[in-house]
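Me: Got a structure to go through. Can you walk me around it?

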Amino acid sequence: RMKSNLHHWDFPSSKKRGIPLLIKKVQQELHKNGGGYLLILPAGLLLIAMMLYPLASLVKMSLFSIEPLKHPDPVFIGLENYLKIFKDHDLLQTLIQTLVWTLGSIILQFILGMVSALILNESFRGRGLARALLLIPWAMPSVAGALSWKWLYNAQYGLINYLLSSLHIISDPINWVGSSSTAMFSAILTNTWRGFPFMAIMLLAGMQNISKDLYDASAVDGANFLNQLSYITIPLLKPVLFVVTLLSGIWTFNNFSYIDAVIGGGPAGLTEILVTYVYKNAFSFFHFGYAAALSILLFIIVLLLSLGYIRLMKWSEST
C-alpha cells in the first residue's frame, strides 16, 4: 500500500527543477540589472577576447614545430611537443626549483609582512612616513630593483660583502649569485624584498578592521600579545591571508624579471624556474613550439593550484 501511494506523491527531479530555476534566476537578474550588464558588455567582451585570443594562439603554436634555425616554415607535429615534456630530464629539476622559489618567497614575505603590519598598526610618531617608505620596494620598477640587488650581491665591490667584512663576520668575499649554496637563497631574498610591502599593507588594512574592544576584553582576561595574535588577529585575518598569499604565489610563480636579471638561472641552472626555462627554450634555443607547450603547462599548473587553494579557502571558512 505504501509503495502504491509513493507513485501519487510529487518528487520533482532535481535536473528538471534545476534548469528552469536557473533560467528563471538569470531572467530575473537581467530584468533587474540589465542596463548595468549592457554597459559593461563591451569591456567584458574586450577582456575575454584579450584573454582567449593569446591563449588560443599559444595552443595553436604548441601543435607545430617552429624552429627557424632548422626550417623556415612551421611544421604540424600534433602532440609531439607535449610528449616531449615527459622526456625532458631538466624539467623535473626546474619544477622542484620553482616550488622552492615560490614557497620560500611566500613564507618570507608573510613573516616580514606580518611583522611590519603589527609594527605599523601601533601608534607612534612618524607612522605615516613609515607606511609611505614601506611601499618603495613595491613601487620601484622591477628591473631597477633587480639590478640594484645584483650590484649589492657583487663579490668584488658589493655592499653586502663590504658590510659583513667590516663587521668581521666573513673573512673572504662571498659569491652570492655564483655559488650553488647561496644562489637560490639570494634570489628568494630579492623577491621577498620586492613583495613583502604588498603583504604588509594588505594585512595592515585587515588589522585595522578588527575591533579594539576584542583586544581590550582579552587583556582584561589576562591574554598577552601572543594569545591575542593566535586567537584574535590571525583568525580574523584569515580571509585577507588567503587572498594575499594566493596573489603572492601567482606573481612569484610567474616572476621573470627578478630571477633573470639578478642571477639568470645560474649557476649551472640551479636557479632555473619554469618561467625562465620557457624563455630560454623560445629565445635562446629557438624552440618556439616546445616553449608554447611549456607555457600551456605553466598555465595549467597555476590554474590548478589556484583552484585548489580557493577550494581550501572555502572549506576553511565553512569549518
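Me: Let's start with Leu52. Where does Leu52 sit?

Reply: Leu52 is in helix H2, residues 14-62. Helices here are DSSP runs of H or I with at least four residues, strands are runs of E with at least two, and both are numbered from the N terminus.

Me: Before we go on, what kind of model is this?

Reply: It is a predicted model; local features need pLDDT of at least 70, side-chain atom pairs count only at pLDDT 80 or more, and totals for chains, interfaces and linings use all residues. Residues are numbered from 1 along each chain as its sequence is written, and side-chain values use heavy atoms, with hydrogens and water left out.

Me: Back to Leu52. Buried or exposed?

Reply: Leu52 is exposed, because its relative accessible area is 52%. The cut-offs are under 20% for buried, over 50% for exposed and partly exposed in between, with a 1.4 Å probe and protein chains only.

Me: Zoom out. How many helices and strands?

Reply: The protein has 15 helices and two strands.

Me: What is the radius of gyration?

Reply: The protein has 27 Å, whereas a compact globule of 319 residues would be near 20 Å. That radius is taken over C-alpha atoms, and the globule rule is 2.2 Å times the number of residues to the power 0.38. The C-alpha atoms fill a box of roughly 95 × 75 × 45 Å along the principal axes. Buried residues make up 33% of the 319 residues.

Me: New topic. How many aromatic pairs turn up?

Reply: Twelve, from a search of the whole structure. Rings of Phe, Tyr and Trp (its six-membered ring) pair if their centres lie within 6.5 Å; planes under 30 degrees apart count as stacked, over 60 as edge-to-face and the rest as tilted.

Me: Why is the pair of Trp138 and Trp251 tilted?

Reply: The planes of Trp138 and Trp251 are at 40°, so the pair is tilted; the ring centres are 5.6 Å apart. This pair links distant parts of the chain. Trp138 is in helix H6 (residues 136-139), Trp251 is in helix H12 (residues 238-253), and they are 113 residues apart.

Me: How accessible is Trp251?

Reply: Trp251 counts as partly exposed, at 39% relative accessibility. Trp251 also pairs with Phe198, edge-to-face, at 5.0 Å centre to centre and 65° between the planes. Phe198 lies in helix H9 (residues 183-207), 53 residues from Trp251. Phe198 is buried, at 15%.

Me: And what lies over the face of Trp138?

Reply: Arg194 does, at 5.1 Å from the ring centre. A charge sits over a ring if NZ of Lys or CZ of Arg is within 6 Å of the ring centre and within 35 degrees of the ring normal. Trp138 itself is partly exposed, at 31%. Elsewhere, Lys84 lies over the face of Tyr290, at 4.4 Å from the ring centre.

Me: Which residues does the ring cluster with Phe256 link?

Reply: Ring pairs link Phe256, Tyr279, Phe283, Phe286 and Phe288. Phe286 is in the loop between H14 and helix H15 (288-318). Its phi is near 60°, a positive value in a residue other than glycine.

Me: Now salt bridges. How many?

Reply: Two. The rule is a side-chain nitrogen of Lys or Arg within 4 Å of a carboxyl oxygen of Asp or Glu. One joins Glu67 and Lys70, at 3.3 Å, N to O. Glu67 is buried at 15%, while Lys70 is exposed at 65%.

Me: Which residue does Glu272 bridge to?

Reply: Lys280, with the closest N and O atoms 3.3 Å apart. Glu272 is buried, at 8%, and Lys280 is partly exposed, at 23%. Glu272 is in the loop between helix H13 (257-262) and helix H14 (274-283).
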